[in-house]
Amino acid sequence: MNQLVTCMSLTTMSVIIAMLLITSYFGLPSLLSPLSSFRSSVALRPATAARFHIARASFASSTQMEAEHYKFGPYKIDQKEVFYSTDLSYALVNLRPLLPAHVLVCPKREVKRFVDLTTEETSDLWISAQKIGRQLEKYHKASSLTFAIQDGPQAGQTVPHVHIHIVPRKGGDFENNDEIYDAIDEKEKELKKTLDLDKERKDRSMEEMAKEADEYRKLIF
């Protein structure tokens with residue numbers, strides 16, 4: 001029994017001596033630094049969480065801001081006129097449609113020329129146009145579709161923002177089918193004049209356009 005007590009005493013003394021040697025060599029703060037680091041990391045967690053919540057709040061605010069209006073070149077489009085939207089594209093009813101269901105599909109980013117769209121924007125734009133065109137053709141009992149882009153001023157583009165014209169077609173809507181392209185050119189000019197001068201919309205009121213957009217919104221979604 002005495003030998004066991006002696007052995008334990010020697011072991012305890014050895015541990016104490018070892019700790020004293022380590023402390024004298026490394027210093028006391030070095031022994032406590034792991035604990036301090038742990039405490040620091042725990043203390044920082046609430047701050048990290050706070051930053052996360054702030055980021056989420058900012059995102060919600062920007063999304064709400066974007067919902068108020070859409071950009072079409074230098075112009076603002078009321079959300080009531082918009083009936084379809086993705087992360088990269090949106091579609092709106094026309095101020096003065098060439099034929100029933102003549103709508104526009106645009107990239108959300110303000111891009112002047114088709115060549116300047118990214119691969120993702122180009123894909124999303126045409127997939128959106130395909131989806132919208134299919135539904136509008138059925139809804140208006142049309143038999144064909146015209147998709148048209150005027151890419152640049154010399155091509156008839158008046159609003160410097162890429163957009164696809166979608167026009168559901170029926171037999172006899174134009175005596176000469178190619179006349180539709182001249183008609184689209186004319187509508188482009190009218191569109192810019194209306195947006196620039198903010199004239200009274202004699203052909204279609206905001207209520208009429210909002211009603212049409214609401215119909216298409218329900219149709220496509």
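**Notebook: strands, a helix pair and a buried glutamine**

The model I am reading is predicted.

**Entry 1. Strand S5 and its partners.** I traced the strand S5 to residues 103-107 and S7 to residues 164-169. S5 and S7 pair in the antiparallel sense over 3 bridges. I then examined S4, residues 89-93, which also pairs with S5 in the antiparallel sense, over 5 bridges. Within that pairing, I noted Pro-107 of S5 as the bridge partner of Ser-89.

I next asked which residues of S5 point each way. Val-103, Val-105 and Pro-107 point one way, Leu-104 and Cys-106 point the other way, and all are buried. Because 5 of the 5 residues of S5 are buried, I recorded the strand as largely enclosed by the rest of the structure.

**Entry 2. Helices H3 and H5.** How do I describe two packed helices? By the angle between their axes and the distance between the axes. For H3 (residues 119-139) and H5 (residues 206-220), I noted that the axes come within 10 Å and cross at roughly 110°. The range of 65 to 115 degrees counts as roughly perpendicular, and H3 and H5 are therefore roughly perpendicular to each other.

I listed the residues that meet: Lys-131, Ile-132, Gln-135, Leu-136 and Tyr-139 from H3, and Glu-215, Tyr-216, Leu-219 and Ile-220 from H5. The residues of this contact divide into 6 nonpolar, 1 polar and 2 charged.

**Entry 3. Gln-157.** I located Gln-157 in the loop between strand S6 (144-148) and S7. Is Gln-157 buried or exposed? The relative accessible area is 10%, so Gln-157 is buried, the cut-off being under 20%.

I then followed the side chain of Gln-157, which reaches the backbone oxygen of Lys-112 at 3.2 Å. The side chain of Gln-157 also reaches the backbone oxygen of Val-159 at 3.2 Å. Leaving aside neighbours within four places in sequence, I found Gln-157 in contact with residues including Lys-112, Arg-113, Asp-151, His-163 and Glu-188.

Definitions and conventions:
Residues numbered from 1 in each chain as written. Predicted model: local features only at pLDDT ≥ 70, side-chain atom pairs only at ≥ 80, totals over all residues. Heavy atoms only, no water. Buried < 20%, exposed > 50% of the residue type's maximum accessible area, 1.4 Å probe, protein only. Helix = DSSP H or I, 4+ residues; strand = E, 2+ residues; numbered from the N terminus. Pairing = 2+ DSSP bridges. Axes fitted to C-alpha atoms, helices over the stretch in contact; angles between N-to-C directions. Parallel < 35°, antiparallel > 145°, perpendicular 65-115°, else oblique. Contact = heavy atoms within 4.5 Å. Nonpolar A, V, L, I, M, F, W, Y, C, P; charged D, E, K, R; others polar. Polar contact = N/O pair within 3.5 Å; in protein donor to acceptor, adjacent residues only side chain to side chain.
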